[in-house]
Amino acid sequence: MSIKTACGFDCYDACKIVASVSEDDVKLEADESHSYSNSALCRVLNQDMPKASRITKPMVDGKEVSMSEALDEVAKVLGSNSLLWRGSGNFGMMQQVTDLLFAKLNAYTTKGTLCDGAGDAGVLEGRGVNRPLPPQQIAKADVVVVWGRNITVTNSHLMPYIDGKKLIVIDPIKTPIAKMADLHIAIKPRMDYYLAIMLARFVFMDGCEDSDWCEEFASEYEEFYEYTREHRIKAILEYMDVDLALMGQIIEHLRGSKVVFLVGNGVQKYSTGSYTLHAIDSLGAILGLFGKEGCGVDFISNSKLGFDNPFAVKTKQVHKVNTPFSKFDTVLVQGGNPAESMPNSNKVRDELSKVSNLIYFGLYENETSKLSRIIIPAKNFLEKDDIRVSYGHHYIHKMNKVLECEYGISEYEFSKELFDRLGFDGIRSEDEYISHLLDQVKYENDEMVSPSYAEIPYQNGFGEDEDDEFEFIDDFDDDFIDTKRFRKIRKKKLQDDEKLWLITPKASNSINTQFNQHNQAMIHPSLGYSDGDMIELSSEYGSAKFEVKLSEDVRVDCVVLKANTKDVNVLTPDIISEYGDGACYQEVRLEYR
């Protein structure tokens, strides 16, 4: 028997799947009718997920109980001083149904994100709304600029769309995609805002701005030029480790071409992340890259844009980045691992240990489940019905149940059971919610697409109603780097202190901290270590030891700790981005020994 469904992992690609089910086995293959999956599925789905050991027993106070008894205990401890903290390792619209429960409780949920909040805020500043760029437009480009986005790991199904293009990669690390590039700019970390502003100034100086497009859709472009002139060229280029010749090469590639910028999370994991995305968008605007075939600036988009969301509620909220767990009597952790994935892990673990009733509702044992008083086994995306939206493309997938699960419970079933136990009304049937969402989708070539889908985004203008102009960046504030150094040319090269910039990309064999973890730190050979040595890294938030892996692909002033590295977040700050309520994982310099 074959059943069509979709992958539920937190990933750009959101692949469509055909599951072949027999009595004792299930085989997953890419759905060849889906134009985006490219007839392939990733190793995490086909190799790592089947090997992972599931939580199969409900537990209360370290003792195995029935699901009914565990849910009875959850009902006893939930109240107005309860918090829902949800992760996104298992993706689907129905996961949000638990918000309805916490709204009924008059309890708390979280605001902000550990992922793309700062960047999204910057996109909204310029465009007013964050629409996805269809991959078909990427395929029509002449030049693709991959900016802080490790496509071969995080977005591999996009690779055929950039095949044969002139490729520019901007990244402190020589990633696999950078090794394929015509031009790799190994920019110093956290300098992406400055590079975007400098490129914009060079575009104006070269006279290759699209003034006709700007007059119609971004009329304040001349004021933006004046803003770029406030930035001193030579001092900034020197600090970024980019010279005039390299800037000239970039401009030569961009001039008169159909260009797409593919921008990743890496550029915005800082307090100033919103400014960076706004600056990159502003560069795209003066080049006239919006609303044209084969052009665009693509960042993580709003996957729910255009939907009437039946789970949208107003609740009391606390920040997701630095959640004060200890202030709550009960915390429900749904599908996440805050003890390992949140920044400033030592503080997080201490806070979680003080929660009287910590409930873990998830699939696999992890650092958070080990701290929990109540454990509820969940169903994975193959064991329930759901709707899959994507922040990487415009396709919508119906996730059909493939397998039965005798021990787990879905998010909807969990919520319905608690509604019943607590005497709440107002929850509709699961089929009604799924039908409500599916009734809103559009169709393109017999495939479901987002209700906000546009073949060429921003073709008519900006804002939700497409009747606004693009708003250029005109301000920048940074407390982390002393920008006074950029106001004049230095006679000798600026010397940084001997601390290392932290880079935290995703890994190819995990979904954040889910599945495989390791203990490796990738550094440049010139730092004087050997493969297999132990290096102690420390920040004001904590310290930890890691096994050294040498690589000349890493800048000498950087250390790469992938998101699945054990204890990486002992080192990271729990500060919140200036705009967008986002996490700032890379806003830190590390000492080493």
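This is a predicted model: local features need pLDDT of at least 70, side-chain atom pairs count only at pLDDT 80 or more; totals for chains, interfaces and linings use all residues.
Strand S2 covers residues 16-21 and is joined to S3 by five bridges, the two strands running antiparallel. Within this pair, Ile17 stands opposite Ala30 of S3, while Val21 has Val26 of S3 opposite to it.

Of the 18 residues that line the pocket, Val26, Met49, Pro50, Leu382 and Leu403 lie nearest its centre.

Which helix gives the most to the lining of the second largest pocket? That helix is H1, which contributes four residues. Sorted by class, the lining of the pocket holds eleven nonpolar residues, together with two polar and five charged ones.

## A parallel sheet of five strands

Another open sheet is built from five strands in the order S10-S9-S8-S11-S12, and here the pairing is parallel. Its edge strands are S10 (183-185) and S12 (296-298), each of which pairs on one side only. Neighbouring strands of this sheet are turned against each other by 15° on average, when direction is ignored.

Towards one end of that order, strand S11 (residues 259-263) is joined to S12 by three bridges, and the two run parallel. Leu262 has Asp298, in S12, as its bridge partner.

Helix H13 (residues 244-254) packs on the five-stranded sheet, where it touches strand S8 (143-147), strand S9 (166-170), S10 and S11, and its direction makes about 130° with that of S10. Helix H14 (residues 273-286), for its part, lies across S8, S11 and S12, and runs at about 175° to S11.

Most residues other than glycine have a negative phi. Tyr458, although it is not a glycine, has a positive phi of about 65°, and Glu466, which is not a glycine either, has a positive phi of about 55°.

Tyr458 is found in the loop between strand S20 (447-449) and strand S21 (500-503), and Glu466 lies in the loop between S20 and S21 as well. Is each of these residues buried, partly exposed or exposed? Tyr458 counts as buried because its relative accessibility is 3%, whereas Glu466, with a relative accessible area of 25%, is partly exposed.

Ser539 has its place in strand S25, which spans residues 534-539. With a relative accessible area of 17%, Ser539 is buried, because it falls under the 20% limit for that class. When residues up to four places away in sequence are not counted, Ser539 touches Leu571, Val588, Arg589 and Leu590.

Technical notes:
Residues are numbered from 1 along each chain as its sequence is written. Side-chain values use heavy atoms; hydrogens and water are left out. Two strands pair if DSSP finds at least two bridges between them. Axes are lines fitted to C-alpha atoms, for helices over the stretch in contact, and angles run from 0 to 180 degrees between N-to-C directions. Contact means heavy atoms within 4.5 Å. On a 1 Å grid over the protein atoms alone, a cavity is a set of points where a 1.4 Å probe fits but cannot get out, and a pocket is an open set with protein on both sides within 12 Å along at least five of seven lines; lining residues have an atom within 4 Å of a point. Ala, Val, Leu, Ile, Met, Phe, Trp, Tyr, Cys and Pro count as nonpolar, Asp, Glu, Lys and Arg as charged, and the others, Gly among them, as polar. Buried means under 20% relative accessible area, exposed over 50%, partly exposed in between (1.4 Å probe, protein chains only).
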